[in-house]
Amino acid sequence: MNVADEIDPTGHDAAPLDMLAALFDARGWPCESVSDDELTGEIQGSWAKYQLRGIWREEDRVLQLLCLPDIRVSEAKRAAANELLVLVNEQLWLGHFDIWSNGGVLLYRHGVMLGSDGLLGVDQAQALVETAVEECDRFYPAFQFVLWGDKRPREALEAAMVDAAGEA
């Protein structure tokens, strides 16, 4: 039985946060409902544990998925981190990285507009979560190189991409 069958053997779509909760449950990832329109969970990535937040805006039928790799950017490193953000975001097809102005928290953010029924399919939920974790894993080393290794942003990105290409 695959994960999709564990989540919903009938193959039906569900309310976005219900579908995310079912996906987390099927994978054995901890999660909890923060409110009627927000879910939070935790996933172990290749480099760190990532906090995932699903935020649902029913009036717009938009699900926003945030993935936070627990990296804070100090004021002293903000300019270099912002330069790296621009370089990293050029590499992305879906979503983008950002730094919250309040607290300097690095995050990956992706919003998806759902149809008029406002339902999310299991395949779409899996793709959203997997993409978020994969992108955080892919660029985590570049942020580490800038924030703790004192590399210049372009140099950090190039080093991270070489390392990632060499992993098996």
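This is a predicted model: local features need pLDDT of at least 70, side-chain atom pairs count only at pLDDT 80 or more; totals for chains, interfaces and linings use all residues.

Modeller: The structure holds 1 cavity of 30 Å³ or more. A cavity here is a set of points, on a 1 Å grid over the protein atoms alone, where a 1.4 Å probe fits but cannot get out. Its volume is the space filled by probe spheres set on the points, with grid points joined across faces, edges and corners. For the largest cavity, that comes to about 40 Å³.

Residues are numbered from 1 along each chain as its sequence is written, and side-chain values use heavy atoms, leaving out hydrogens and water.

Lining residues have an atom within 4 Å of a cavity point. For the largest cavity they are Leu20, Phe24, Leu39, Thr40, Gly41, Leu52, Arg53, Gly54 and Leu65. By class, 5 are nonpolar, 3 polar and 1 charged. Ala, Val, Leu, Ile, Met, Phe, Trp, Tyr, Cys and Pro count as nonpolar; Asp, Glu, Lys and Arg count as charged; the others, Gly among them, count as polar.

Three elements each supply at least two lining residues: α2 (16–27), β2 (38–44) and β3. β3 covers 49–57. Helices (H or I, at least four residues) and strands (E, at least two) are DSSP runs, numbered from the N terminus. The chain has 5 helices and 6 strands, in the order α-α-β-β-β-β-α-β-β-α-α.

Pro16, Leu17, Met19, Leu20, Leu23 and Phe24 are buried in α2. Seen down the axis of α2, the buried residues fall within an arc of 160°, so they line one face of the helix. The arc is taken from the directions from the helix axis to the C-beta atoms. An α-helix has 3.6 residues a turn, so residues three or four places apart point the same way.

The face of α2 turned away from the buried side carries exposed Asp18 and Asp25. Buried means under 20% relative accessible area, exposed over 50%, and partly exposed in between (1.4 Å probe, protein chains only). Just after α2, Gly28 takes a positive phi of about 75°.

Methods
On a 1 Å grid over the protein atoms alone, a cavity is a set of points where a 1.4 Å probe fits but cannot get out, and a pocket is an open set with protein on both sides within 12 Å along at least five of seven lines; lining residues have an atom within 4 Å of a point.
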